[in-house]
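Here is a short briefing for a first look. Start with the place where the chains meet, then turn to the chains themselves.

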Amino acid sequence: MSKFDLSSDLHPERRLSALQAQTRRHFLQSAAGGIGSLFFGTMAASHPLIASASEIAKSSSERIDVTRDARNPLGALPPQFAARAKRVIYLHMAGAPSQLELFEYKPDLIRLDGQDCPASLLAGKRFAFITGVPKLMGPQYPFHQTGASGHWISDRLPHLEKHLDELCFIKSMRTDQFNHAPAQLLVQTGNPRLGYPSLGSWVVYGLGTENQNLPGFIVLISGGNMPDGGKQLWGSGFLPSVYQGVQCRSHGEPVLYLNSPSDVSVQQRRNVLDAIDELNQQNYASFGNPETVTRVAQYEMSFRMQMDATDAMDIHNESETVRTKYGAKIGEASFANNCLVARRLAERGVRFIQLYHWGWDSHGSNAADSLNVGFVKRCLEVDQPIAALLTELKERGMLEDTLLVWGGEFGRTSMRENRSGQVTQFTGRDHNPGAFTIWMAGAGVKPGITHGQTDELGYEVVQSPVEIRDLHATILYLLGFDHHKLNYPFQGLDQKLTSVKSSRVVAEILA
Amino acid sequence: VKRTSGYPSFLIFDGSDRATSLARRIPTNTPLQALVTLNDPVYDEAAQALAARVTKDIGGKVSDTENALDLKLAYEARLVLSRDATPQELSVLRGLYEMTTKAPTGPVLTRASMKSSAGVSVGSAQRDFKALKAVASVLLNMDAALTR
């Protein structure tokens with residue numbers, strides 16, 4: 001069958017596995033006399049990568065044209081209309097921090113602390129853990145009013161408090177998911193199920209990125225646990241995988257294997273990459289799989305990252321004063337370090353920077369997951385770094401075109417959790433999809449305001465509800481997109497981040 | 001032993017950290033993955049071992065140098081791709097091979113066993129090996145090899 005009789009020295013089973021390794025592509029190519037490749041070849045000619053979506057777009061006024069050179073899929077494109085935000089830093093507090101211990105001051109809840117929850121609040125509700133009749137629980141930390149805006153805030157965030165007049169609160173956020181993974185997926189991809197592109201992927205798909213030597217969408221996790229939603233939270237779904245978020249390590253080297261092996265010179269590496277690219281191009285010409293061209297682009301990116309990524313991620317290059325401001329310590333996997341890295345990445349033109357913190361799931365079922373212990377630590381871990389990030393962005397004039405978003409995936413109940421009917425020494429609250437608080441700051445949002453309102457117990461939204469898809473529409477608007485028109489044809493539908501349900505830009509918070 | 005401390009290469013390829021089960025593996029393709037298959041010592045040594053295997057299996061058997069090179073490259077490609085390389089692919093591999101043998105020699109390769117075939121100087125055997133290793137690295141990084 002070939003010049004080399006591999007079968008002679010191979011066990012039959014190994015030979016079988018080699019045969020199984022052949023793909024359907026090769027079967028189509030060889031068995032049908034190349035008919036398969038002819039078919040795919042025609043497809044490829046009429047629909048080169050990336051352009052495939054946009055070429056259809058030309059025939060429709062309802063889709064933004066994102067045509068790019070297929071070899072430069074991250075090339076920066078102008079927004080659809082004048083944008084206030086050039087980049088986003090999204091701080092996701094995985095586990096869902098309690099709004100009632102941070103920003104939502106509810107004096108009535110103090111008065112009703114310890115009383116049975118009225119049946120009207122429980123009728124028709126599903127909880128993750130609460131059973132029977134739980135007791136209402138007042139805020140576990142004292143609140144005070146501060147700043148020119150007169151926002152209420154608890155005593156847990158003394159550093160962030162100084163920036164209160166720069167923050168724009170939405171206290172009427174709502175979701176329809178009450179478990180972490182689907183709720184996080186909804187917040188990050190607009191859909192509670194797997195397989196949809198994340199917010200960051202959509203943004204980089206639509207806008208590209210300013211620095212071609214770094215990925216356009218970078219994800220940093222502050223040690224501890226991965227968010228429950230997993231890596232799909234920054235996945236590219238049905239968009240080309242070049243728009244996937246790139247997770248960099250939070251401890252040790254941020255990117256592994258940035259250096260070529262010691263016996264490979266830069267020129268040799270270049271030669272090897274040229275050969276890989278050419279072979280992949282041949283493969284693409286034969287089979288027309290757009291992901292092959294994506295791979296070419298990713299190999300080119302890896303080469304450029306070898307030059308630039310180390311410097312971008314290395315907080316050694318910051319002064320001790322700056323590191324102290326954030327509470328960042330060299331070598332630690334911490335939210336503080338990540339906030340400092342986020343500022344460095346933003347300066348270098350990275351479009352979407354996503355930070356995940358963890359451990360906010362304060363049920364009260366154990367010390368780590370409680371409002372009296374774990375929650376206190378979480379607040380300490382994020383308070384100073386976020387304040388430092390805000391300060392530095394402002395000092396450098398970057399807050400004007402950087403959008404900061406802070407929030408979890410749902411809220412927490414006004415009732416104390418009574419898991420299995422037990423009350424433990426720790427206090428906690430269950431998941432509440434009915435109301436939660438997020439804040440935004442920077443580019444294009446009104447500073448020092450509060451949008452929306454919950455009832456006197458902070459349990460349900462009573463004024464100006466904001467759905468997750470409304471938040472997405474607003475973020476896209478700030479970046480210069482009509483969320484209806486940033487869409488991609490998949491499974492017979494013009495897929496949008498904001499789904500098929502109606503969504504609106506929250507104009508009330510726009511500056 | 002920390003069970004949730006995954007093997008870094010697997011994590012870069014979006015493997016689970018084993019703290020949670022995975023309902024589905026998502027398609028994944030990032031520049032960090034390219035850095036793994038290009039620079040991770042595991043893949044570097046794999047390329048080296050592949051070059052050593054080609055040298056051992058084909059090296060001494062053919063006297064005609066030109067023909068020997070064609071055979072080596074075809075064999076090397078077949079081992080990785082489980083199919084015969086096309087003439088166009090072989091021409092790219094040959095181009096890289098020639099460029100690498102002409103390049104100024106860097107630090108000499110270490111661990112692999114290198115037997116110089118009769119009549120060939122050690123210097124040229126080393127250049128041959130280094131070029132075969134570069135070819136191996138290319139093969140292991142081809143989309144056709146990485147995507148099944």
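**Where the chains meet**

The contact draws on 57 residues of chain B and 55 residues of chain A. This is a predicted model. The points below cover the interface, then chain B, then the confidence in chain A.

**Interface**

- About 4,800 Å² is buried between chain B and chain A. Carbon and sulfur atoms give 61% of that area.
- Three salt bridges cross the interface of chain B and chain A.
- One salt bridge joins the side chains of B:Asp143 and A:Arg295, at 2.5 Å from N to O.
- Between chain B and chain A, 18 residue pairs are in polar contact, with both residues at pLDDT 80 or more.
- On chain B, the elements that give two or more residues to the side touching chain A include helix 1 (8-12), helix 3 (41-58) and helix 7 (143-146).
- Helix 2 of chain B supplies the largest share of that side, with eight residues.

**Chain B**

- Chain B has seven helices and zero strands.
- Of its 148 residues, 49% count as buried.
- Take the contacts in chain B between residues at least 6 apart in sequence: 62% of them join residues at least 24 apart.
- Chain B exposes about 7,500 Å², and carbon and sulfur atoms supply 56% of this.

**Confidence in chain A**

- The mean pLDDT of chain A is 87, and 88% of its residues reach 70 or more.
- Residues 1-16 of chain A have pLDDT below 50. This stretch has 15 contacts in the model beyond near neighbours in sequence.
- Residues 32-60 of chain A also stay under 50. For them the model has 44 contacts beyond four places in sequence.

Key:
Residues are numbered from 1 along each chain as its sequence is written. Chains are lettered from A and ligands numbered from 1 in the order in which they are written. Side-chain values use heavy atoms; hydrogens and water are left out. pLDDT is the predictor's confidence in each residue, from 0 to 100. Contact means heavy atoms within 4.5 Å. Helices (H or I, at least four residues) and strands (E, at least two) are DSSP runs, numbered from the N terminus. Buried means under 20% relative accessible area, exposed over 50%, partly exposed in between (1.4 Å probe, protein chains only). Accessible areas come from the Shrake-Rupley method with a 1.4 Å probe; for residues, only the protein chains shown count as cover. Buried area is the accessible area (1.4 Å probe) that two parts lose on being put together, summed over both. A salt bridge is a side-chain nitrogen of Lys or Arg within 4 Å of a carboxyl oxygen of Asp or Glu. A polar contact is a pair of N or O atoms within 3.5 Å; within protein, one must be able to donate a hydrogen and the other to accept it, and residues adjacent in sequence count only if both atoms are side-chain atoms.
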